[in-house]
Every structure is written in C-alpha cells, then in structure tokens.
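Reader: I am new to this structure. Please take me through it in short steps.

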Amino acid sequence: MNGTLCIKCKGKGLCGRLRCPILEKFKSFQSIAPVISGDSVFGASPPAVFVGSFGYPRVSAGPLIPPLANESEASVFEDTSAWANMQIQDIISMRSRMVRANTNFHVKDARSKENPLLVKAQELALSRKPVDTEAWFF
C-alpha cells in the first residue's frame, strides 16, 4: 500500500481496492469506542503481547486485549491458521479491535523481576489459553 496515495485518496478508492484498509480500521475503532469509554478495559487476552521498537532500547510492551471477545473467541485473534478462511477486511477489523495496554522499560531489564507489569505480560505470553486481563488508563 502506497502511503502517499492513501494521503491523496482518503478513502475514495484511488488504489483500486474494493475496501479501503484505513476506513476498515476506522470502523473497527468506532465499534469499540463505547466499550473503552471509561478508565479501564477488560477482556480475554488471546494471549498476545505487543513489544514496540520505537525508542530502542527503551520500548513499550504490554498485552493486547480484545474488549468485545469472550475466552472462546479470543483465541482466534492470534491463531493465524484460522485466518486462512477469513476475508482481509475481517482480519483488519478483528486486529484493530484489540486494545494495547503498555508499560515502558529498558530492554536490559526484560529479565528482571522488578517490573511487575512486565512480569505479568511475560506470564500472559506464555499461556496456552486466553487470560482474563484488565487494564486501567491513566
């Protein structure tokens, strides 16, 4: 996808795709906005953890939480083999509905047990089943 074309297009279909990925992502955000309008979000994490690269060696990491999914639905969010039978807009919509909770840390501290949020995120990532997760926004 050409980023400059997206800037010019703004969802008018200049790229020739049937559906605009940017508009699909926006629609997904709109669907979860009422669920996360408070100061916290609760859901079954697939288990999935986001680890950023911006600002390396200080990066952000934390669980990805789908607020509209129960435990049985949450496993599909990370099961790429289940995506083979899905349309691309469904995958974009599903992945865009995940809320990223994070904490900032230095990568050399990743093995340290001093950051309790990081330790919990590591435990969540090692889980075989979705884990009920709650995040608060400050």
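Reader: In which handedness of crossing does H2 pass H4?

Author: This is a predicted model. Helix H2 covers residues 21-32, and helix H4 covers residues 88-96. Where H2 passes H4, the crossing is right-handed.

Reader: Which word describes how H2 and H4 lie to each other, oblique or parallel?

Author: Two packed helices are described by the angle between their axes and the distance between the axes. For H2 and H4 the axes are 8 Å apart, and the angle is about 45 degrees. Angles under 35 degrees count as roughly parallel, and 65 to 115 as roughly perpendicular. The pair H2 and H4 is therefore oblique.

Reader: Which residues in H4 meet H2?

Author: H2 brings Pro21, Glu24, Lys25, Ser28, Phe29 and Ile32 to the contact. The residues of this contact of H2 with H4 divide into four nonpolar, four polar and two charged. On the H4 side, the residues are Gln89, Ile92, Ser93 and Ser96.

Reader: In what order do the elements of the chain run from the N terminus on?

Author: The secondary structure comes to five helices and six strands. Along its principal axes, the C-alpha trace spans about 50 × 35 × 35 Å. From the N terminus on, the order is α-α-β-β-β-α-α-β-β-α-β.

Reader: Is the peptide bond from proline 46 to proline 47 cis or trans?

Author: Most peptide bonds are trans. Proline 47 sits in the loop between strand S1 (40-45) and strand S2 (49-51). The bond from proline 46 to proline 47 has omega near 5 degrees, and it is cis.

Reader: What is omega for the peptide bond from tyrosine 56 to proline 57?

Author: Proline 57 lies in the loop between S2 and strand S3 (58-65). The bond from tyrosine 56 to proline 57 is cis, with omega near 15 degrees.

Reader: What volume does the largest pocket have?

Author: The lining of the largest pocket has 19 residues. Closest to its centre are Pro63, Ala101, Leu117, Glu134 and Ala135. The lining divides into eleven nonpolar, four polar and four charged residues. The volume of the largest pocket is about 460 Å³.

Reader: Which element supplies the largest share of the lining of the largest pocket?

Author: S3, helix H5 (116-126) and strand S6 (131-136) each supply at least two residues of the lining. The largest share is six residues, and it comes from S6.

Conventions
Residues numbered from 1 in each chain as written. Predicted model: local features only at pLDDT ≥ 70, side-chain atom pairs only at ≥ 80, totals over all residues. Heavy atoms only, no water. Axes fitted to C-alpha atoms, helices over the stretch in contact; angles between N-to-C directions. Helix = DSSP H or I, 4+ residues; strand = E, 2+ residues; numbered from the N terminus. Parallel < 35°, antiparallel > 145°, perpendicular 65-115°, else oblique. Left-handed = near helix turned anticlockwise from the far one by under 90°. Contact = heavy atoms within 4.5 Å. Nonpolar A, V, L, I, M, F, W, Y, C, P; charged D, E, K, R; others polar. 1 Å grid on protein atoms, 1.4 Å probe; cavity = no way out; pocket = protein on both sides within 12 Å on 5 of 7 lines; lining within 4 Å. Points joined across faces, edges and corners; volume = space filled by probe spheres on them.
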